[in-house]
Amino acid sequence: MSNELVRIYADGACRGNPGPGGWGALIQTGEARSELHGGEAHTTNNRMELTAVIRALESLGERSTVEVYTDSQYVQKGITEWLPNWKRRGWKTADKQPVKNAELWQQLEARANGHKVSWHWVKGHSGHPGNERADALANLGIDNLNRG
């Protein structure tokens, strides 16, 4: 396990919901920084929020201590509060409906289990530098998609 703390700032964006979407992540380890982004032609904001964290966790080599920062309460509450109940109910919500984006939640859980992760919610568009950069990367994902 790496001794250095990894900070991930992840964000998703969608122009129309559903519509073209993008995801972005800023990954900081000590003084080192890396950035990831991508997009999908027809998706939702929630899918892009989840994808941003999944891709960032996938990019880490060895088991690490990770702090994930997201402005998505859907992601933060989903992974810390809702997931155990969804699993216990066979991937159904409390009102017995299928969990939306279940395959992404399963991927996120699998990636997170490979690390020691703490989850942090930050208010979006409030000037938090890491979150602002992740938002810009998510929008870059959409822009690149639109450029073909």
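Entry 1, the strands. I began at Leu26, which stands opposite Glu35 in strand 3 (strands are DSSP runs of E with at least two residues, helices are runs of H or I with at least four, and both are numbered from the N terminus). This is a predicted model, in which local features need pLDDT of at least 70 and side-chain atom pairs count only at pLDDT 80 or more, while totals for chains, interfaces and linings use all residues. I note that residues are numbered from 1 along each chain as its sequence is written, and that side-chain values use heavy atoms, with hydrogens and water left out.

I then looked up the pairing of strand 2 with strand 3 (residues 32-43), which is antiparallel over 10 bridges; two strands pair if DSSP finds at least two bridges between them. These strands form a hairpin with two residues between them, and Gly30 in the turn has a positive phi of about 60°.

Strand 1 runs antiparallel to strand 2, joined by nine bridges, and I found Gly24 in strand 2 as the bridge partner of Asp11. Their hairpin has four residues between the strands, and there Gly16 takes a positive phi near 95°. With strand 4, strand 1 runs parallel through six bridges, and Leu5 stands opposite Thr65. Seven of the 10 residues of strand 1 are buried (under 20% relative accessible area with a 1.4 Å probe, protein chains only; over 50% is exposed, and partly exposed lies in between).

I looked next at the largest nonpolar core, which has 29 residues, and Ile8, Val53, Leu57, Trp105, Leu108 and Trp119 touch the most other members. Such a core is a set of buried Ala, Val, Leu, Ile, Met, Phe, Trp, Tyr and Cys residues joined through side-chain atoms within 4.5 Å. Helix 1 gives the most to this core, with seven residues. Beyond its neighbours within four places in sequence, Ile8 is in contact (heavy atoms within 4.5 Å) with residues including Leu26, Leu57 and Val68.

I checked helix 2 (residues 73-88) against helix 3 (residues 102-113): their axes come within 11 Å and cross at roughly 100°. The axes are lines fitted to C-alpha atoms over the stretch in contact, with angles from 0 to 180 degrees between N-to-C directions. That makes the two helices roughly perpendicular, a term for 65 to 115 degrees. In this contact, residues of helix 2 including Tyr74 and Trp86 meet Trp105, Leu108 and Glu109 of helix 3.

Notes:
Angles under 35 degrees count as roughly parallel, over 145 as roughly antiparallel, 65 to 115 as roughly perpendicular and the rest as oblique.
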